[in-house]
Amino acid sequence: MTKKITTKLFGVSIICIMSTLSAVGRPLFIKVMPKTETISGFHKTPLSPNHKDKEFLYDYDEDFELSIAELDSLNMELDEDEEDMFVEGDTTGSSWDATKVNPFNITIESITDTVINVSTYSHPNYNVVTSECGERWGRFHAGTDMRLRVGDTIRAAFDGKVRIMRYNKKFRKKGYGHFVMLRHPNGLETLYGHLYKPLVKVNQEVKAGDPIGLGGNTGRSTGPHLHFEFRYKGLPINARKIVDFETGKVLSPKYEITKASFEDYNQYLHTPARYHKVRKGDTLGRIARRYHTSVKRLCALNRIRPNTTLRVGRRIRVK
């Protein structure tokens with residue numbers, strides 16, 4: 001008898017609690033959300049000043065969804081500075097190559113003075129600069145990094161044609177990640193790295209300000225950002241020489257390309273090599289972490305294999 005009374009009292013209590021919550025506007029059932037949140041939808045950056053009167057219509061994938069947990073895992077990786085892509089020249093004799101960032105066989109010494117028109121420039125992404133072009137962690141960082149949110153619209157800097165569009169799982173966590181490279185009539189090429197997704201195809205013609213991709217965090221990236229490069233005949237030019245990143249406009253409608261345009265890269269090329277003397281317990285991985293480089297880079301500099309035995313006292317080139 002006592003058991004039946006207790007059961008009835010418990011049932012009445014539950015009903016009273018549910019009625020009270022309903023009366024104050026609280027939900028009757030609380031849905032437990034999973035710990036992994038998601039980012040969905042897209043954030044559109046403003047159009048450049050030259051294209052305020054244009055409207056671009058393009059389709060996004062409705063199933064776009066990237067988890068915060070996935071972003072955090074990528075943030076833990078060190079920036080590789082895209083060194084795998086940075087190759088000075090080749091022997092094919094062709095400068096239109098959909099696979100190589102630098103298909104030219106040109107040296108800084110061979111550059112002749114040239115004045116180019118940059119007046120039609122359109123800023124690809126209005127945001128804060130987080131990393132400059134130049135030497136970084138013992139290697140050359142060929143671009144200027146700008147902060148963004150995953151899904152921000154990235155726009156073409158000039159009229160041009162898509163020479164490279166890389167969108168493949170193989171490159172999702174390597175180098176530039178997903179990226180687009182454009183060639184422009186003024187002789188420049190621009191590269192847009194770490195995209196979530198390109199919106200263009202190889203050989204497609206674009207206009208300055210056209211959407212070419214969605215900002216992301218792919219490749220060797222420490223957080224969502226746009227890696228933005230200027231190149232002339234394959235050689236990197238510090239974008240600060242052409243663009244005022246605070247206003248998003250060019251410093252001058254004309255820019256003269258001279259050997260001095262590549263001084264940042266030239267200085268890096270002529271910086272004396274650095275070496276590390278192997279100590280007891282050293283491994284290539286440990287040395288790479290100490291000098292903010294990669295095992296692959298160390299192997300290339302020293303012409304050794306990843307499984308090479310390191311003798312104590314040996315000098316390993318790290319730069």
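Strand β10 (residues 178–183) is mostly covered, with 6 of its 6 residues buried, where buried means under 20% relative accessible area, exposed over 50% and partly exposed in between (1.4 Å probe, protein chains only). Strands (E, at least two residues) and helices (H or I, at least four) are DSSP runs numbered from the N terminus. The model is predicted, and local features need pLDDT of at least 70, side-chain atom pairs count only at pLDDT 80 or more, and totals for chains, interfaces and linings use all residues. Residues are numbered from 1 along each chain as its sequence is written, and side-chain values use heavy atoms, with hydrogens and water left out.

In a regular strand the side chains alternate between the two faces of the sheet. In β10, His178, Val180 and Leu182 point one way and Phe179, Met181 and Arg183 the other way, and all are buried. Two strands are taken to pair if DSSP finds at least two bridges between them. The pairing of β9 with β10 is antiparallel and runs over 5 bridges; Arg166 stands opposite Phe179 of β10. Strand β11 (residues 188–198) also pairs with β10 in the antiparallel sense, over 5 bridges, and here Leu182 stands opposite Thr190 of β11. β10 and β11 form a hairpin with 4 residues between them, and Gly187 in the turn has a positive phi of about 100°.

For the protein chain as a whole, the secondary structure comes to 5 helices and 20 strands. Of its 319 residues, 44% are buried. Among contacts (heavy atoms within 4.5 Å) with a separation of 6 or more, 68% join residues 24 or more positions apart. The chain exposes about 17,900 Å², of which carbon and sulfur atoms supply 53%; accessible areas come from the Shrake-Rupley method with a 1.4 Å probe, and for residues only the protein chains shown count as cover.

The interior was examined next. A nonpolar core is a set of buried Ala, Val, Leu, Ile, Met, Phe, Trp, Tyr and Cys residues joined through side-chain atoms within 4.5 Å. The largest such core has 39 residues, of which Leu188, Tyr192, Ile212, Phe228 and Phe230 touch the most other members. The elements giving two or more residues to this core are β10, β11, β14 (225–232), β15, β18 (254–257) and α3. Of these, β14 gives the most, with 4 residues. Leaving aside neighbours within four places in sequence, Leu188 is in contact with a set of residues including Ile116, Phe158, Leu182, Phe230, Ile242 and Ile257. A second, separate core of 11 residues includes Leu284, Ile287, Cys299 and Val318.

Cys299 also belongs to helix α5 (residues 295–302), whose buried residues are Leu298, Cys299 and Asn302. Seen down the axis of α5, these residues fall within an arc of 100°, so they line one face of the helix; the arc is that of the directions from the helix axis to the C-beta atoms. The face turned away from the buried side carries the exposed residues Lys296 and Ala300. Cover for the buried residues of α5 includes α4 (284–290) and β20 (315–317). Arg303, which follows α5, has a positive phi, near 55°.

A search of the whole structure finds 8 salt bridges, a salt bridge being a side-chain nitrogen of Lys or Arg within 4 Å of a carboxyl oxygen of Asp or Glu. One of them joins Asp159 to Lys207, with the closest N and O atoms 3.9 Å apart. Asp159 lies in the loop between β8 (153–155) and β9 (160–166) and Lys207 in the loop between β12 (205–206) and β13 (211–215), so the pair ties together parts that are 48 residues apart in sequence. Both residues count as partly exposed, Asp159 at 31% relative accessibility and Lys207 at 48%.

Lys241 and Glu263 form another salt bridge, the closest N and O atoms being 2.7 Å apart. This pair links distant parts of the chain, with Lys241 in the loop between β15 (235–237) and β16 (243–244) and Glu263 in helix α3 (residues 263–269), 22 residues apart. Lys241 is partly exposed at 25%, and Glu263 is partly exposed at 42% relative accessibility. A salt bridge also joins the side chains of Glu229 and Arg231 (2.6 Å, N to O), and both of these residues are buried.
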